[in-house]
Amino acid sequence: MKQITNTILMVRPINFRKNEQTVANNFFQKDIDAENRAVNTLAQKEFDDFVFVLKDKGVNVIVVNDTDEYDTPDAIFPNNWVSFHANGTVGLYPMYAENRRKERREDILEKLEEEGFLIENVMDYTAAEDEAVYLEGTGSLLLDRVYKKAYCALSARANEELFIEFCEDFDYMPVLFTANQSVNGKRSPIYHTNVMMALAEQFAIICLDTIDDKKEKKNVVQHLKESKKEIITITEEQMHCFSGNMLQVLGADEKKYLVMSSAAYHSLKGAQIKQIEKYCSILHSSLETIETCGGGSARCMMAEVFLPKN
């Protein structure tokens, strides 16, 4: 079982903007002084530059264009609606924002099959939307695929019962906690686990300051140590620069890279960079518009493909 993959699915935006339906609980989203069309053009440039950076290192990036058929401002973040697993299973997930549900596309799965990947089975959790229950893919779920542990920060977008159901279906041990951030002087749940935590093969980057409950914090640390991960801690301030929203990938010749935005990279201290570079090189690209309006960063843009080849 591998923790990281060489193949990434990405969706190029055509209607990108600040999504008014997600702003209620994504406190990372901010306004930008530009018209939607200009915002989308900036986002497309950032997207294309990012794809170039990945491909230049030999990462197999499968790019699919968003469609004009629906209004899907967040289509650039496909990891929330789909996950691809080594046993040939695809997971489809229930989404909090109604306009995000339109991002789920059969033709994207067909495209992967055309690329030679094998889809044996689909686990479809999307009916939970009828009950206003959500679990937003690998935004909500941080999967340690080797040690079979799933980390999940509960929020409006990560339901405990559905998380447990996922763990039973995919045979993962659940590691549950609540992660908070300070918003207008109050502690409020962080919308996705993957903005406060990133799991690589031999290390984990995590903002432990967000886990207010001491028992929960101790439990998370214990699980990471049991799984032989070096723990690299980041501050809440660094987390707001998306330094928790990173993904380790394989490039050419099995070379490993930790992928992040330039904002995340520049927020890191020298000692943290050294810790990371013990294990892999760092790749970063500017995602300023996408981060500001979308409230998501490099990790959110990449859906890892672990499916077997046909």
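Guide: Contact, as the word is used here, means heavy atoms within 4.5 Å. The model is predicted: local features need pLDDT of at least 70, side-chain atom pairs count only at pLDDT 80 or more, and totals for chains, interfaces and linings use all residues. Residues are numbered from 1 along each chain as its sequence is written, and side-chain values use heavy atoms, with hydrogens and water left out.

Visitor: Which residues does Val221 contact, leaving aside its neighbours within four places in sequence?

Guide: Leu208 and Ile231 are in contact with Val221 once those neighbours are set aside. Val221 belongs to helix H5; helices (H or I, at least four residues) and strands (E, at least two) are DSSP runs, numbered from the N terminus. Between the C-alpha atoms of Val221 and Ala204 there are 9.9 Å in space, and the two residues are 17 apart in sequence.

Visitor: How do you know whether Val221 is buried or exposed?

Guide: Buried means under 20% relative accessible area, exposed means over 50%, and partly exposed lies in between (1.4 Å probe, protein chains only). Val221 has a relative accessible area of 18%, so Val221 is buried.

Visitor: What does H5 lie across?

Guide: Helix H5 (residues 214–226) lies across strands S7 and S8, at about 145° to S8. For such angles, axes are lines fitted to C-alpha atoms (for helices over the stretch in contact), and the values run from 0 to 180 degrees between N-to-C directions.

Visitor: In what order do the strands of the open sheet come?

Guide: The open sheet has 3 strands in the order S6-S7-S8, and the pairing is mixed. Its edge strands are S6 and S8 (173–177), each of which pairs on one side only. From one strand to the next, the twist averages 20°.

Visitor: What makes S7 and S8 a pair?

Guide: Two strands pair if DSSP finds at least two bridges between them. S7 and S8 run parallel and are joined by 5 bridges, so they pass that test. In one of these bridges, Ala153 has Phe177 of S8 as its partner. Helix H4 (residues 160–170) packs on the sheet and touches S6, S7 and S8; its direction makes about 160° with that of S8.

Visitor: How are S14 and S15 paired, parallel or antiparallel?

Guide: Strand S14 (residues 247–250) pairs with S15 in the antiparallel sense, over 4 bridges. Gln248 stands opposite Leu258 in S15. The two strands form a hairpin with 5 residues between them, and Asp253 in the turn has a positive phi of about 55°. S15 also pairs with strand S16 (residues 281–285), in the parallel sense and over 5 bridges; there Val259 has Leu283 as its bridge partner.

Visitor: Why is S15 called largely enclosed?

Guide: Of the 6 residues of S15, 5 are buried, so the rest of the structure largely encloses this strand.

Visitor: How do you know that Arg104 and Glu129 form a salt bridge?

Guide: A salt bridge needs a side-chain nitrogen of Lys or Arg within 4 Å of a carboxyl oxygen of Asp or Glu. In Arg104 and Glu129 the N to O distance is 2.7 Å, so the pair qualifies. Arg104 lies in the loop between strand S4 (89–92) and helix H2 (106–114), and Glu129, 25 residues away, in the loop between strand S5 (121–124) and helix H3 (137–140). Glu129 is buried at 12% relative accessibility, while Arg104, at 23%, is partly exposed. Arg101 joins these two in a network of salt bridges.

Visitor: How many salt bridges does the structure hold?

Guide: The structure holds 15 salt bridges. Among them is the one between Glu201 and Lys256, at 2.6 Å from N to O. Glu201 is in the loop between strand S11 (197–199) and S12, and Lys256 is in strand S15 (residues 256–261), 55 residues apart. Glu201 is partly exposed at 27%, as is Lys256 at 26%.

Visitor: What makes Met1, Val146 and Tyr147 a surface patch?

Guide: Patches are made of residues with over 30% relative accessible area and no salt bridge: like charges are joined within 9 Å, nonpolar side chains (Val, Leu, Ile, Met, Phe, Trp, Tyr) within 5 Å. The three residues make a nonpolar patch of about 310 Å²; accessible areas come from the Shrake-Rupley method with a 1.4 Å probe, and for residues only the protein chains shown count as cover. Val146 sits in the loop between strand S6 (142–144) and strand S7 (149–153).
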